[in-house]
Amino acid sequence: MVALRDRDTLFIGIDGGGSKCRASIVDAHNRVLGTGVAGPANPLHGYAQTIDSIVRSAALALADAKLPPETLGKLVAGVGLAGVNMPRLYNEMASWAHPFKKMYLTTDQHSACLGAHRGGDGAVIIAGTGSVGYSWVNGRSKLIGGHGFPHGDKGSGAWMGMEAVKYLLMALDGLAEDSRLKGELLKALDAQDANEVFEKIGGKSSSHYARLAVQVIECAEAGDPVAVAIVRDGASYISDLADKLLELHPPRLTMIGGLAPRLRPWLAPHVVEQLAEPLDAPEIGCVYFAQQSLAREAGEIEDAAPEAGTNALFG
């Protein structure tokens with residue numbers, strides 16, 4: 001068994017979501033040695049793709065750290081993935097014959113929260129391809145939202161893209177007003193009519209829709225009324241999410257994700273006042289999770305009675 005106090009231990013934190021998978025290798029002193037980024041890693045949208053993205057991002061991180069490929073088998077991995085809050089997907093990923101020395105699997109919400117608060121208690125709102133609120137206080141977790149696209153994830157990039165496409169199709173049919181957003185969406189999709197729009201977006205993934213959030217946000221910032229209505233609706237939901245999390249009295253609340261900086265000005269003022277800056281990135285939160293799990297396994301820290309699907313350990 002590798003002890004946390006072993007100075008030669010190398011950790012890799014792997015944060016996988018609907019758009020990309022990011023891995024960082026750190027030493028026992030949490031110094032980042034190398035980072036790699038690969039494709040999507042949400043097992044809900046494909047087990048094989050998820051495995052491939054994890055391995056590719058790890059290989060790229062090794063190359064960036066100028067470490068030989070065989071070092072992969074010496075790494076202690078903390079892996080935080082979207083989708084594994086669903087027991088079926090969690091069990092599927094936990095059964096993977098991974099290439100690491102050890103792998104500790106958790107949800108991307110939990111690892112992101114640990115990263116945002118440098119391994120301590122707090123709450124986090126993730127606003128990127130998807131959206132979710134998560135709190136970790138006194139060893140207890142609370143998940144709000146995160147029901148997945150297209151059923152949930154309101155206020156996210158994918159949701160904004162979907163709402164924009166709904167509007168676009170209605171506008172092209174003459175059932176909704178013309179707007180700047182209409183033109184920008186047609187340009188982004190390289191389409192002329194409803195049939196061409198559907199050919200470009202029919203059956204596409206959440207990450208594909210999330211790319212259209214750029215046009216929605218930019219048009220809203222320029223004052224386009226259709227885009228403003230979409231962004232305000234999404235921001236109102238995110239503000240409500242924040243209020244629910246604050247009821248749990250977390251010591252800190254942060255908002256992260258690709259959409260977070262652009263969405264922040266649209267949030268309720270009292271929510272903005274409560275937001276703190278994230279201290280570390282989600283993949284570093286994965287490292288904290290691996291370190292805490294390894295120490296708990298070695299009996300170096302007390303077990304905080306982790307909940308199923310959040311702190312399970314796999315070697």
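Here is a short tour of this predicted model, one selection at a time.

**Stop 1: colour by confidence.** Across the protein the pLDDT averages 91, and 93% of the residues score at least 70. Select helix H9, residues 225-246, where confidence is highest, at 98. Then jump to strand S10, residues 313-314, which has the lowest confidence, at a mean of 35. Now select residues 304-315: the pLDDT is below 50 here, and this stretch makes 35 contacts in the model beyond near neighbours in sequence.

**Stop 2: the open sheet.** Which order do the four strands of the open sheet follow? They go S8-S7-S6-S9, and the pairing is mixed. Select strand S8 (140-145) and strand S9 (253-256) to see the edges, as each pairs on one side only. From one strand to the next, the twist averages 15 degrees.

Zoom in on S7 and S8, which run antiparallel and are joined by six bridges. Pick Val132, and you will find Gly145 of S8 opposite. Next, bring back H9: this helix lies across strand S6 (122-127), S7, S8 and S9, at about 10 degrees to S7.

**Stop 3: the largest pocket.** This pocket holds about 1,000 Å³ of space. Select Gly18, Ile126, Gly128, Thr129 and Gly130, which are the closest to its centre among the 44 lining residues. Finally, colour the lining by class: look for 16 nonpolar, 21 polar and seven charged residues.

Terms used: Residues are numbered from 1 along each chain as its sequence is written. This is a predicted model: local features need pLDDT of at least 70, side-chain atom pairs count only at pLDDT 80 or more; totals for chains, interfaces and linings use all residues. Side-chain values use heavy atoms; hydrogens and water are left out. pLDDT is the predictor's confidence in each residue, from 0 to 100. Helices (H or I, at least four residues) and strands (E, at least two) are DSSP runs, numbered from the N terminus. Contact means heavy atoms within 4.5 Å. On a 1 Å grid over the protein atoms alone, a cavity is a set of points where a 1.4 Å probe fits but cannot get out, and a pocket is an open set with protein on both sides within 12 Å along at least five of seven lines; lining residues have an atom within 4 Å of a point. Grid points are joined across faces, edges and corners, and a volume is the space filled by probe spheres set on the points. Ala, Val, Leu, Ile, Met, Phe, Trp, Tyr, Cys and Pro count as nonpolar, Asp, Glu, Lys and Arg as charged, and the others, Gly among them, as polar. Two strands pair if DSSP finds at least two bridges between them. Axes are lines fitted to C-alpha atoms, for helices over the stretch in contact, and angles run from 0 to 180 degrees between N-to-C directions.
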